[in-house]
Amino acid sequence: MLFNSIEFAIFLPISFLVFWFLLPRKSVNYQNLFILSISYLFYGWWDYRFLSLIIISSSADFFIGKAISNNSKSTQRKLLLFLSILINLGLLGFFKYYNFFVDSFIDLSNSLGLHAHPRTLNIILPVGISFYTFQTLSYTIDIYRKRFKPTNNWIAFFAFVSFFPQLVAGPIERASNLLPQFYKITKFDYKVAISGMRIILWGLFKKIIIADTCASIVDVIFEHYTGFNGSALLLGAFFFAFQIYGDFSGYSDIAIGTAKLFGFNLNINFNLPYFSRNIGEFWHRWHISLSTWFKDYVYFPLGGSKVPKLKQVRNILITFTVSGLWHGANWTFVAWGFLNGLYYFPLIFFKKNKNLTSVIAENSILPSIKELFQLFLTFSLTLIAWIFFRSDSITDAFNYLRIIFSESLFQNPLPLLRGKGITDSLIDGSIAIIILLIFEWVNRKKDFPFYLDKLPKIIRWIIYWLIAFFMLFYFGEEKTFIYFQF
Amino acid sequence: MKKYLINISLFTIPFILYFFIILSVDPFNYFNISKIISYDLKNEISNKTHYQLWKILDFENNPSPNIVLGDSRAARLTSELLLELTGKEYKNLAYGGGYLKEAIETFWLADEKVKLKNVYMGVNFNLYSDNELRNLVQDVKSIKKNPFNYVFNKITFKALYRILYSLITNNEKDYEKPQMNKEDFWKYQLTTTTKRYYSNYKYPEKLYREMQNIAEYCNINEIKLVIFIAPTHTDLQEEINKYDLYTDYKKFLYDMISLNVTVFNFNIKNEFNKDTAMYGDPFHLYDYTPIVKELFLETDSLEYGEIISYAKNY
């Protein structure tokens with residue numbers, strides 16, 4: 001079930017009340033069994049058949065984790081780890097990439113004059129498979145690396161893997177952060193619960209008001225891009241940048257807030273990425289759980305940055321290309337990933353790839369000219385990459401860019417956008433984005449952008465009510481989250 | 001925990017209050033229970049707030065097998081006028097500022113509700129384009145799904161605000177009237193509006209297929225489908241040549257003929273359409289009575305238009 005659905009609006013309060021009022025609080029196993037049950041209910045709501053896959057993945061890694069830890073022989077440990085990788089990536093590869101590779105093979109064969117006809121299968125992509133397979137894989141890898149001890153409590157482990165707030169679209173949690181939380185009975189904390197509600201509200205604002213509003217603009221522009229001028233297409237790319245940000249960070253916020261309602265802490269997944277001053281900083285702020293996963297389990301094993309520059313470049317390109325492929329079974333995602341990897345070149349060669357950890361405009365209200373230029377450049381680069389991400393094909397992406405970088409970039413986009421039913425969305429979306437950016441900028445030094453604690457209670461409540469009302473007004477058609485397709 | 005539950009309960013109070021306000025006012029008669037606000041006031045305000053939502057919900061509450069579809073020109077063929085002239089009840093499901101895609105979707109919605117007998121569909125060239133893709137009927141489908149969607153959406157809120165404003169101030173704003181005199185609006189329609197329609201004209205393959213589907217469906221189910229091309233002033237008719245769309249216009253006429261239904265074309269160069277006094281703006285006549293008579297009463301000779309295609313069962 002979607003977070004922005006009536007079913008979830010009913011599921012969550014009932015689960016919350018049962019969890020805190022009816023569940024016996026004497027044994028952690030009762031707690032975890034309940035979490036496991038409601039998580040399976042949540043996941044099975046899409047398609048109950050896919051529960052078998054998550055059970056397979058959880059079972060395999062539970063037992064493999066224990067076996068790796070109990071085994072001292074290096075070869076056997078490696079074999080067991082390989083088995084875990086095979087099972088998880090095998091499941092992922094089959095359900096997500098089988099048809100993609102078959103189609104690509106057919107295209108390649110045809111271009112070489114050979115006519116291969118392997119069968120494509122009618123495979124449905126199980127929701128969240130890219131996320132939970134990576135989550136369980138990190139568990140076994142960390143055990144292999146002796147950075148984490150396996151658990152003997154299968155209920156806690158299964159609950160950790162299937163924990164419903166983050167099951168279908170992340171954050172991809174590391175066992176070291178989340179699993180220990182299932183070893184103890186959670187206690188209700190008023191401030192944490194209120195913080196959770198606030199985070200959920202902000203996440204719903206980003207999803208429903210920003211992402212879904214931008215989606216109605218983006219869908220029209222990208223579907224009929226040949227009928228628009230460069231300036232309209234640039235607007236389309238701009239709104240997509242905020243659609244995907246609102247969608248994905250909104251989901252993460254709802255996941256984090258929901259987890260807090262049950263007394264669990266998830267890691268932050270987005271940290272004001274569009275205020276990044278270079279691409280390196282961007283990737284420390286965007287989908288943090290995935291980028292750190294690839295850094296720890298792909299980039300570092302390849303040698304990371306502790307190798308000659310050319311190899312470092314190779315490592316970056318491989319990591320980002322694979323990351324692109326993770327996002328979807330289409331060459332556009334691969335191109336998007338590869339392009340992001342290319343963006344690192346100047347940072348590597350000019351030795352600017354160390355993390356920018358300071359907050360932008362740390363000691364001033366507004367950014368400096370230099371920071372503004374850096375923001376603009378970084379945002380522009382990500383915008384170009386997003387065009388590949390959103391386009392249906394590489395050809396479409398290049399055509400889209402070709403039209404943007406033509407004379408028509410300086411034409412008025414509005415006459416072409418009228419009559420498409422998106423005029424209201426253009427206004428609403430623009431206002432919502434401005435509100436988002438103001439909140440994020442003003443609170444950039446705080447833990448969370450939607451920070452109103454310094455305001456009087458009545459003002460805070462009025463703001464919460466207004467946001468909740470606007471969110472409900474824009475509720476409309478339930479639009480799925482973009483990252484569910486991954 | 002107690003404090004948390006109390007705060008959450010207090011937080012929900014405005015939403016519950018709002019729900020009851022909507023239930024009482026019911027701007028679009030979705031619930032159709034409360035009679036606190038008169039139908040006439042809602043017809044005046046909610047209709048103009050969102051034609052599609054008002055008319056479709058009104059149709060659901062009072063369906064009819066005879067319908068009129070189209071844009072603002074077809075919308076002037078009001079139910080009252082048709083009843084007076086034909087003696088038959090017609091529900092007018094044409095929308096001010098409506099698009100062809102919306103008319104097509106409305107046909108299918110109406111067909112789900114009632115067995116249709118007579119369908120009159122206004123189709124004009126300016127809407128027969130793949131660039132005219134707006135579809136507000138999608139909003140209606142989403143809103144109709146459940147009461148929650150109806151209560152909590154901006155269209156309902158907007159209509160509620162306008163109704164309450166009207167009641168409090170005793171002042172009915174005209175939400176449709178352009179803020180210009182006739183002469184200025186005439187020029188505006190011939191420049192800005194036609195530019196929007198014609199400068200990026202694209203032949204609508206999808207829309208044509210959807211029209212074919214409707215025509216075939218009507219033939220199979222013995223529904224009388226009549227397409228009419230509403231009259232426009234000759235000043236507007238000539239704009240097609242300025243944008244070099246004469247061939248496309250002919251293709252449009254040919255497409256309508258190829259549907260094998262009866263097609264009336266009132267959009268011709270005749271004295272009636274040359275007369276500025278007959279028109280409020282280049283798109284709209286002041287009085288559609290003569291058009292209705294020729295379209296609905298099956299007279300022997302036509303003065304204001306011509307039949308360019310006959311259906312077998314006409």
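Modeller: Helices (H or I, at least four residues) and strands (E, at least two) are taken as DSSP runs and numbered from the N terminus. The model is predicted: local features need pLDDT of at least 70, side-chain atom pairs count only at pLDDT 80 or more, and totals for chains, interfaces and linings use all residues. Residues are numbered from 1 along each chain as its sequence is written, and chains are lettered from A and ligands numbered from 1 in the order in which they are written.

Colleague: Which residues does a cis peptide bond join in chain A, and where is Pro171(A) found?

Modeller: The cis bond has an omega of about 0° and joins Gly170(A) and Pro171(A). As for its place in chain A, Pro171(A) lies in the loop between α7 (164-167) and α8 (175-178).

Colleague: Is Lys146(A) buried or exposed?

Modeller: Lys146(A) sits in the loop between α5 (129-144) and α6 (154-162) of chain A, and its phi is near 60°, a positive value in a residue other than glycine. A residue is buried if 20 or more other C-beta atoms, placed from the backbone, lie within 10 Å of its own, exposed if 12 or fewer, and partly exposed in between. Because Lys146(A) has 10 C-beta neighbours inside 10 Å, it counts as exposed.

Colleague: Is Asn29(B) buried or exposed?

Modeller: Asn29(B) is not a glycine, although its phi is positive at about 55°. This residue belongs to the loop between α1 and α2 (39-49) of chain B. Since 20 other C-beta atoms lie within 10 Å, Asn29(B) is buried.

Colleague: How far apart in space are Pro14(B) and Leu100(B)?

Modeller: Pro14(B) is part of helix α1 (residues 2-25) of chain B, and with 15 C-beta neighbours inside 10 Å it counts as partly exposed. Pro14(B) and Leu100(B) are 86 residues apart in sequence, and their C-alpha to C-alpha separation in space is 40 Å.

Colleague: Which element gives the largest share of the side of domain 1 of chain A that touches domain 2 of chain A?

Modeller: Chain A is divided into domain 1 (6-186) and domain 2 (192-277 + 356-485), with bounds from an automatic or database domain assignment. The contact (C-beta atoms, placed from the backbone, within 7 Å) takes 14 residues from domain 1 of chain A and 16 residues from domain 2 of chain A. On the domain 1 side, the elements that give two or more residues are α1 (6-22) and α7 of chain A. The largest share of that side, three residues, comes from α1(A).

Definitions and conventions:
Contact = placed C-beta atoms within 7 Å.
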